Structure formats: C-alpha cells, structure tokens
Amino acid sequence: MLNRIGIYTSGGDAPGMNACVRAVARTALANDIDIVGIRRGYSGMIDGDIVEMDGRSVSNILQTGGTILKSARSTRFRTEEGRAKAAQQLRAMDIDGLIAIGGDGTFEGASIFYDEHSIPIVGCPGTIDNDLLGTEETIGYDTALNTAVQNIDRIRDTADAHNRLFLVEVMGRDSGFIALNCGIGGGAELVLIPETFTDMGEIKERILSLMSSQSRSSIVVIAEGDEHGGAAHIEQILRADDAFADIDLRVCILGHTQRGGSPSARDRVLASRLGSAAVEALLEGHSAVMVGLMNGDIKLTPMRNVWSRKKNINYDLLKLTQLLS
Ligand code: F6P
C-alpha cells in the first residue's frame, strides 16, 4: 500500500516533462495518495529539497516547456554515500514510492538506488534524444524534432538565396534520431549520425558534386555525437581542403533551442498517458521499470535494459535520405 509518492525530473529537460508531472500528480491524488515534488532531481533528493504538492500545484503547466521541478545532473548521486543520504531524506519524509522522469542517466541512477535501498520506483522516458529502449517515442522528442525542422526550413531560405552550403548541428550526444528525422523532414542533402561510420572522403565528394552540379544550396545535418565531432569540426576539415575554397560555407548549431518551447500536442498526450500509467504501475507493485509506448499500448520495460542496451535507429530512413537528396 502506497501513501506518499515523490516525483522528480532529472538530466536534460524535455518539453512535456511538465505535462507528465501534472499527470502523475493528478493520478496519484485521484487514488488518495499524497504527492511531493523533489526539486533539482537527485541533487534535491540528497539535499531534502522536497515540496508538498496538490491539484493546484500542477495547474496551467501542461502547455509549458522546461520543468517546474527543475532538473540537474548530480555527481553526488553517483556515490554510495550520496545515495544513502537521499534514501535517508526520503524515509524522513515518509516517501514510499518514486516516479522518475528522465533519460538513461536518470534510470541508471534509479536502478542502482532501488537495488541498494528498495524504495519502489517507476520511470517515465523524458529526453529529446528518443534514445531509450522500451518506448517508440520519448517525451520531448516530437517537439524537438519539429523545432529542428522549422529551423532547417528557415536556414533553407537564406541558404538558397546565396547558394550556400550549411552545416547544421542538432542535438544527440550518442544518437541520431533527431538528425535522421529532421534531415528527412527538412530535405537535407546529407545526414551524419553517430550510429554509422562517416567516411569524410565520400562526404567531401558528395558535397562537391552537389554544389557543382546545381546552382543551389545544400544542407548537411550533423548529430553532435557524430564520430568526426560536431559541425564546427567538420567545417575545419572542409576548409582545410583546397577543393572547398570556392564554396560559400556557413555553420549553424541549433543546440538548446531544441530543448525549450511549448510541447507539441503529441508530446502532451504521450506525457499524460505515460505519467498516469507510471502511477498505476507503482500501485500494481511494479518497480525498477520504465513505462513506454509500443504500438500504441503502454508497455513496462526493466529499467536496467533501458540504460544498458542501445535502441537502434531505422536504417531504412537513412537509405531514404540518400534516395531523396
Ligand atoms: O540528453 C539530452 C541532451 O539534450 C543531449 O542531446 C545533449 O547532448 C545534452 O542533453 C546536453 O546536455 P547539457 O544541457 O547538460 O549540456
């Protein structure tokens, strides 16, 4: 029997985290369970930065970006001592269950914490990267993808006006979901992602042929985690080659613009469904699992699988970028 659950957001924030917090709080309250907000992720858990919540605490947050609970990447929680302090704080406040919203780092911490302190915990996938096994989409990904596509459209206008080559860097430290999909959605000529080997010789040839055969622009989308580094490093490689001397080249790093903003309708619905399902899973006695959406249905995946295994990109989409460019 659960009496009081704590909710926190951790790691990189993602649009839709607030919609998820709202769904968790309202589902818990509807089941007569008290809800508290743990601020600043694991840092706030260790420091006891914990606030009581009620139905009104989550009013008017569905449509907002960021996270009302704040977020952090905690190094102290990586230590046994830090985790013991966090468990002590939770017990002192009679918190007997947790809902974690975050990405792979959040869930790695959560599963180790559960193994050590046995406080039941269920995760909701919240990261723009969409790189979590056990769910087709993560909360925030759809919004980030649309932000990236809208920005590429804008870049295309100016690139076309000058027949320029643009290197556009998007987020994705270890994964190319955003790059691949905004590349298709934005009509990029090339997409470079961490999941595939990037042969710079081939890339140069391809760009030179694109830029010489047509009086037009070209856009290369680069995931920040590509093995050649981000757009700035690829720019250096290209500029060092005399063959690129006459090419008008610019770099645009979309960076954190992809993390902010009001969540899309799709992210709001996903976050609401997953937040509510997470509370139900906790009530049913599940622990150390993540709720996800597979083929439209809620699915539970052991947290350990989520952070220790890699979710594959769809290689057909990569072929599609090559075919369509
Ligand atoms: O994990 C989400 C993410 O946005 C990655 O795509 C990116 O590499 C990272 O977070 C950036 O983190 P920070 O905001 O801490 O620099």
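**Close-up views of a predicted model**

**View 1. D316 and K319 pair up in a salt bridge, with their closest N and O atoms 3.7 Å apart.** A salt bridge here is a side-chain nitrogen of Lys or Arg within 4 Å of a carboxyl oxygen of Asp or Glu. The two residues sit 3 apart in helix α11, so about one helical turn separates them. Helices are DSSP runs (H or I, at least four residues) and strands likewise (E, at least two), numbered from the N terminus. Both D316 and K319 are exposed, meaning over 50% relative accessible area, whereas buried is under 20% and partly exposed is in between (1.4 Å probe, protein chains only).

A quick note for every view: this is a predicted model, where local features need pLDDT of at least 70, side-chain atom pairs count only at pLDDT 80 or more, and totals for chains, interfaces and linings use all residues. Residues are numbered from 1 along each chain as its sequence is written, and side-chain values use heavy atoms, leaving out hydrogens and water.

**View 2. R259 reaches D13 through a salt bridge, with 3.1 Å between the closest N and O atoms.** This pair ties together distant parts of the chain, 246 residues apart: R259 is in the loop between β9 (249-253) and α9 (265-283), and D13 is in the loop between β1 (4-9) and α1 (17-30). R259 counts as buried, at 16% relative accessibility.

**View 3. R259 turns up again at the ligand, where one of its polar side-chain atoms lies 2.9 Å from a ligand oxygen.** Such a polar contact is a pair of N or O atoms within 3.5 Å. The protein buries 77% of the 400 Å² that the ligand exposes when taken alone. Accessible areas come from the Shrake-Rupley method with a 1.4 Å probe; for residues, only the protein chains shown count as cover. The residues around the ligand (a heavy atom within 4 Å) include R73, T127, M171 and E224.

**View 4. R156 sits in helix α5 (residues 141-162).** R156 is buried, at 16% relative accessible area. Beyond its neighbours within four places in sequence, R156 is in contact with residues including G186, E189, R216 and I219; contact means heavy atoms within 4.5 Å.

**View 5. D248 and R250 form a salt bridge, the closest N and O atoms being 3.1 Å apart.** D248 is partly exposed at 28% relative accessible area, and R250 is partly exposed at 34%.

Notes: A polar contact is a pair of N or O atoms within 3.5 Å; within protein, one must be able to donate a hydrogen and the other to accept it, and residues adjacent in sequence count only if both atoms are side-chain atoms.
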